[in-house]
Amino acid sequence: MTVPWSQQDHGADNALEPPVCPWVIGCTIPLEDSTGTVYAHLRTHGFIRRHTDRAPCPWPLCPQEMQWRNVARHILERHIQVRVQCTICGNIYTRNETLQAHMYVCMETYFNAMLAEDHQSN
């Protein structure tokens with residue numbers, strides 16, 4: 001499950017709208033939670049660089065500088081605060097890759113606990 005952190009623990013009735021573009025006044029296009037859509041939106045406002053170029057984060061007042069290939073992920077993790085949550089234990093992570101690595105361990109632990117419980121009840 002991928003949810004902006006600010007939207008977690010809110011019911012569907014109280015779900016917040018996705019953040020809108022902070023780069024151009026009047027741009028009301030919401031920022032979606034994928035790196036591809038963030039890069040596409042940045043390009044519409046003239047933020048075009050090679051992925052290997054070092055560049056400052058285009059988010060207003062952010063002092064970070066990084067390779068352009070990391071900008072969209074940085075925006076999602078730090079500014080929009082997208083988080084992913086383990087559906088088994090509820091742990092929350094900033095990166096899907098970290099969640100996937102966790103899921104292997106979590107699923108194994110969960111299934112071992114289920115087997116142990118089933119074994120004890122027999």
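**Largest pocket**

On a 1 Å grid over the protein atoms alone, a pocket is an open set of points where a 1.4 Å probe fits, with protein on both sides within 12 Å along at least five of seven lines. Grid points are joined across faces, edges and corners, and a volume is the space filled by probe spheres set on the points. In this predicted model, the largest pocket holds about 240 Å³ of space. Its lining, defined as residues with an atom within 4 Å of a point, comprises 15 residues, of which Asp33, Leu76, Thr94, Arg95 and Asn96 lie nearest the centre. The elements that contribute two or more residues to this lining are α2, β4 and α3 (96–121); helices (H or I, at least four residues) and strands (E, at least two) are DSSP runs, numbered from the N terminus.

**Basis of the model**

Residues are numbered from 1 along each chain as its sequence is written, and side-chain values use heavy atoms, with hydrogens and water left out. The model is predicted: local features need pLDDT of at least 70 and side-chain atom pairs count only at pLDDT 80 or more, whereas totals for chains, interfaces and linings use all residues.

Glu77 lies in helix α2 (residues 71–79). With a relative accessible area of 7%, Glu77 is buried (under 20%; exposed is over 50% and partly exposed in between, with a 1.4 Å probe and protein chains only). Leaving aside residues up to four places away in sequence, Glu77 touches Arg83, Thr94 and Arg95, a contact being heavy atoms within 4.5 Å.

Strand β4 (residues 82–85) runs antiparallel to strand β5 (residues 92–93), and two bridges join them; strands pair if DSSP finds at least two bridges between them. Val84 has Tyr93 in β5 as its bridge partner. Six residues lie between the strands of this hairpin, in which Gly90 takes a positive phi near 90°.

**Aromatic pairs**

Three aromatic pairs are found in the whole structure. Rings of Phe, Tyr and Trp (its six-membered ring) pair if their centres lie within 6.5 Å; planes under 30 degrees apart count as stacked, over 60 as edge-to-face and the rest as tilted. Tyr39 and Trp68 form a tilted pair, 6.3 Å centre to centre with 50° between the planes. This pair links distant parts of the chain, 29 residues apart: Tyr39 is in helix α1 (residues 35–44) and Trp68 in the loop between β3 (65–67) and α2. Tyr39 is buried at 11% relative accessible area, and Trp68 is buried at 3%.

Ring pairs also link Trp23, Phe47 and Trp59 into a cluster.
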